[in-house]
Amino acid sequence: MEANNLKILFFDIGGVILTNGWGHESRKLAAEKFGLDYAEVNALHTFIFNVYETGGVTLDEYLDTVIFNHPRDFAREDFKEFVYRQSVELPTLQWLKEWKKDCGFRIISINNEGKELNDYRVKKFKLHDFFDAFVSSCEVKLRKPDPNIWKLAMGIAQVQPNQCVYFDDRIMFVNAAQRLGIKSFLHTDLESTQKILQQLKEENHNK
């Protein structure tokens with residue numbers, strides 16, 4: 001990939017700039033806090049979460065299937081508040097917001113997220129300060145690792161694979177993007193991602 005050809009940076013959100021919205025660790029915490037059978041919750045979650053992330057059901061409909069399929073001694077709103085509280089900013093985000101100010105690149109998310117969680121996270125953590133656009137599974141009805149979500153993002157940005165770089169914390173998604181010809185990096189920590197991005201920025205400014 002020629003540096004002077006690079007136009008767009010694609011980023012995942014959960015695990016890169018924020019914690020995962022509703023990952024297995026959060027579900028385990030919920031089971032402990034609310035006295036749930038984690039195995040049952042997880043099995044039902046596995047059946048329906050993909051449908052939620054691609055916009056097929058609302059958060060309430062997801063919860064009807066996974067949590068409120070039995071009488072509970074806690075309120076729905078208390079549980080939803082717990083779900084939202086699982087989203088926490090990672091150190092990467094503030095650094096990226098500063099880095100973006102003069103990096104010279106457009107930056108677009110490619111993320112799997114259900115609509116209510118996605119909307120909450122974008123607003124709560126002011127993600128518009130970093131992203132120029134969002135290709136979120138709940139809006140585009142496609143979910144990683146479906147290659148069509150990256151193809152759609154490239155179509156929206158009007159770029160070819162060799163004009164993009166992609167960052168994700170899951171190797172399966174990194175590999176899926178690489179198979180399309182997108183140079184992709186596994187995000188493991190802020191320091192290693194900083195080095196890659198600083199190099200891309202320097203090359204862009206020197207072209």
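Predicted model: local features only at pLDDT ≥ 70, side-chain atom pairs only at ≥ 80, totals over all residues.
Colleague: How much space lies in the largest pocket, and which residues are the closest to its centre?

Modeller: As a general idea, rolling a probe the size of a water molecule over the atoms shows where empty space is left. In this model, the largest pocket holds about 430 Å³ of space, and among the 25 residues that line it, N20, F49, E53, R143 and R170 are the closest to its centre.

Colleague: Which helix gives the largest share of that lining, and how does the lining divide by class?

Modeller: Helix 2 gives the largest share of the lining, with five residues, while helix 1 (24-34), helix 2 (38-53) and helix 9 (171-179) each supply at least two. Sorted by class, the lining of the largest pocket has ten polar, nine charged and six nonpolar residues.

Colleague: What is the volume of the second largest pocket, and which residues line it?

Modeller: The second largest pocket has a volume of about 190 Å³, and its lining is made up of G15, T19, N20, G23, H24, E25, S26, L29 and Q86. By class, that lining has seven polar residues, one nonpolar and one charged.

Colleague: Where is L142 found, and with which residues is it in contact beyond its neighbours within four places in sequence?

Modeller: L142 is found in the loop that runs between helix 7 (137-140) and helix 8 (147-157). Once its neighbours within four places in sequence are set aside, L142 is in contact with T54, S137, N148, I149 and L152. K123, by comparison, is 19 residues from L142 in sequence, and their C-alpha atoms are 22 Å apart in space.

Technical notes: Residues numbered from 1 in each chain as written. Heavy atoms only, no water. 1 Å grid on protein atoms, 1.4 Å probe; cavity = no way out; pocket = protein on both sides within 12 Å on 5 of 7 lines; lining within 4 Å. Points joined across faces, edges and corners; volume = space filled by probe spheres on them. Nonpolar A, V, L, I, M, F, W, Y, C, P; charged D, E, K, R; others polar. Contact = heavy atoms within 4.5 Å.
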